[in-house]
Amino acid sequence: MSLIQEARTREGGLAARGAVSQPAAWSVTEHPWAWALAALLLIMPLIANGFFLIEIFGTTLILGTIALSLMFLAGYGGMVSLMQLTIAGFAGYMVAVFGVSGNANISLGWPWWLATPTALVLAMLFGTLGGALAVRTEGIYTIMITLAIGAAFYYFTNQNWAIFNGHTGINTIATPHVLGINWRTDIAFYYLILAVAALCYFAVLYLSRAPFGLALQGVRDNPRRMAALGFNVNANRIAAYAFAALIAGLGGVLQVWNYRQISPGSVAVERCIDILIVAVVGGITRPVGAYIGAFIFVILRTFALDFLVKVGLDGNRFRLLIGLGFLVIVLFSSDGVIGLYERWRKRGQAGGARSRPGGHGHG
Amino acid sequence: MSRFIERHPIWSLVILLAVACLAWLIIAVWPPGLEEAVGRKKVFLSAVFNGITLGGLYFLVASGFTLIFGLMRNVNLAHGSLYLFGGYVGYGISTATGSWILAFIAAFIVVAVVGVLLQLLVFRRMEGQDLRQTMVTIGLSIVFADLMLWAFGGDFYQIQTPAWLVGPVQLPLMTAMKSSGEAVFLQYPLVRLVIFCGSVVIGVLMWLALNRTRVGMIVRAGVDDREILAATGVQIQLVFVLVFALGAGLAGIAGVVGGTFQSISPGEDTRFLLASLVVVIVGGMGSIPGAALGAVIIGLAEQLGSVYIPTYAIVVTFLIMVLVLALRPQGLLARR
């Protein structure tokens, strides 16, 4: 796990040490930017119009939540799983299959409060089983196995008509109406996404300092020693997969409510890899990196076409841009944009910042 | 082999029985009851032959993948892109010159050069950081896929089969017995058989090169422990470049084969990357015989699955992978 380890050592040793200084993470004076950002996100509907609210910020938060599940596995568990989007897509498909959609021959028509938990439970089951397979081998093999699972699921959705409706997918999926509010109207949906994303983000932050998260980081750094200490290494890893699957599943449910349709294209191998790109570009060692990466990705995806056309290039070369950007990040900054920012900040206050010990906050 | 039978008598029996069953199904004339239950023998035989020949193609792709992985611990997720690139190069050469053989040679050389460049310019700088290398190959596969989409568009290309290979050939395998007592034999495309034989020859040559030559010895030693090998004074960087060139070149050849068998288009890179992943996971990482066994198993599973349970075919492939991971996580023929 050289990439992560390298980023870790740059950060200054074990994460456990960084975690000790966490209690200060909530004070306004310590992290003015984090509070400003939180406030900005809360009042976003006043500033942004419908397009920006959902297409940019909503999509960012959804994508970030799915990437957060990968960040949790890779950053704290050292397991780079490429099937997180597959789990999200599976949850989305299950919402469509159990809930209400335009394909009446497939959808069972359950109400949302029954269909959504069912989908989440099934997604967790999927993630746990996949994780149980992946932990049979170690390190670099995890990528291969999870990629194989993701690709197999993509081809399966493509060729199966009984459950997944083949390559046309499932359309006009119903979204919940609760308390007289249609939760798919822009502002309500934005707050729903924001609430889920915040919940997942803080759950990951909390878990990273809880005994389970610390044990997981111990397993990442030295599985043998943890086994000798009496920890069940594989059980820890599988539990991490289960938790990550829940986060990814939540992201997937939001995603299917956002687009109101799902098809094999939503779980294609490129999409799986996009999640890895998002997490790595943002910085795979910190939860906030997932959201930063997602923001960059969504901005690029939305505006690259106009930008490329404006500078006189072919607008369809968006993926080339993404691929090259990813290559640059992987080659030059192993902890992503956050790492770049932090190195820049350190250079700015060289020597002066020595007084602050240990870890950095979770901006 | 005999040690395997000694150590796993039950498994040997199961495998032997399975092989015997398959052999009987292929050779015997099916009784009417079986034909009613499963369908015509001709369908089954074609599926088996398609599976085995597809296995040959998978072997060509996966052997390069497994060789590169075994020696350099580099999970080359851009391997599918190399396959696709080989296909495009082969298509270009064969339409320009009309020569099928030349297409193979050109694809091998061009893709091998790409492999050498990758190893020299990219992977050499980050030796021993396998996760980072894998990330880089992911980035490269995205860039390559988009560049190829740019250059060749989204069309399907099929490489022209040379005239002397066109048409079916009659195999000495009965598919049915006419009421007059006359036997009906299986007709099968000659080109697929020739390509399959070609991939068997390549596989045997690779095995011989690995097990009977000095370079092969160095490569095998490198698979086992490259630090010690480097310490003995072998120019390991040169070996790495050679192996990467060979692995990439094989992917290029496979691209031409795939372009003749089926067709090449964007998206095929992912398909063959998945195939090589599964083949290598099933067969055992870094093992050439493992790649051969895995390729035939996966090829057969895919073809038989798509004939008999079309909407769940991929599940069969996937279940095989799961089963292997559960029983023998290092792969069927891996040593470690």
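At what angle do helix H5 (residues 50–77) of chain A and H13(A) pack? The angle is about 75°, and their axes lie 9 Å apart. Angles of 65 to 115 degrees count as roughly perpendicular, so H5(A) and H13(A) are roughly perpendicular to each other. This is a predicted model. The points below start with that helix pair, then turn to each chain, the contact between the chains and the nonpolar core.

**The helix pair in chain A**
- H5(A) brings Leu63(A), Ile66(A), Ala67(A), Leu70(A), Met71(A) and Ala74(A) to the contact.
- H13(A) brings Ile275(A), Leu276(A), Val278(A) and Ala279(A).
- By class, the contact of H5(A) with H13(A) has ten nonpolar residues, no polar ones and no charged ones.

**Chain A as a whole**
- Chain A has 16 helices and two strands.
- Of the 363 residues in chain A, 47% are buried.
- Take the contacts in chain A between residues at least 6 apart in sequence: 76% of them join residues at least 24 apart.

**Where chain A meets chain B**
- On chain A, 36 residues are in contact with 33 residues of chain B.
- Four helices of chain A each give two or more residues to the side that touches chain B: H1 (2–11), H8 (140–159), H13 (269–282) and H15 (318–332).
- H8(A) gives the largest share of that side, with eleven residues.
- By class, the side of chain A that touches chain B has 27 nonpolar, six polar and three charged residues.

**The largest nonpolar core**
- In soluble globular proteins, nonpolar side chains tend to be buried together.
- Here, the largest nonpolar core holds 209 residues.
- Which residues touch the most other members of this core? They are Ala67(A), Ala123(A), Ala148(A), Ala279(A), Val61(B), Val111(B) and Ile281(B).
- Helix H4 (residues 41–72) of chain B gives the most to this core, with 16 residues.
- Two of the core residues, Ala67(A) and Ala279(A), also take part in the contact of H5(A) with H13(A).
- Beyond its neighbours within four places in sequence, Ala123(A) is in contact with Ile87(A), Phe90(A), Ala91(A), Met94(A), Ala245(A), Ala248(A), Gly249(A) and Gly252(A).

**The two domains of chain B**
- Chain B is divided into domain 1 (1–30) and domain 2 (31–327).
- The C-alpha centres of domain 1 and domain 2 of chain B lie 26 Å apart.
- Four residues of domain 1 of chain B are in contact with ten residues of domain 2 of chain B.
- On the domain 1 side of this contact in chain B, there are four nonpolar, no polar and no charged residues.

Technical notes
Residues are numbered from 1 along each chain as its sequence is written. Chains are lettered from A and ligands numbered from 1 in the order in which they are written. This is a predicted model: local features need pLDDT of at least 70, side-chain atom pairs count only at pLDDT 80 or more; totals for chains, interfaces and linings use all residues. Domain bounds come from an automatic or database domain assignment. Two residues are in contact if their C-beta atoms, placed from the backbone, lie within 7 Å. Ala, Val, Leu, Ile, Met, Phe, Trp, Tyr, Cys and Pro count as nonpolar, Asp, Glu, Lys and Arg as charged, and the others, Gly among them, as polar. A residue is buried if 20 or more other C-beta atoms lie within 10 Å of its own, exposed if 12 or fewer, and partly exposed in between; C-beta atoms are placed from the backbone. A nonpolar core is a set of buried Ala, Val, Leu, Ile, Met, Phe, Trp, Tyr and Cys residues joined through C-beta atoms within 7 Å. Axes are lines fitted to C-alpha atoms, for helices over the stretch in contact, and angles run from 0 to 180 degrees between N-to-C directions. Angles under 35 degrees count as roughly parallel, over 145 as roughly antiparallel, 65 to 115 as roughly perpendicular and the rest as oblique.
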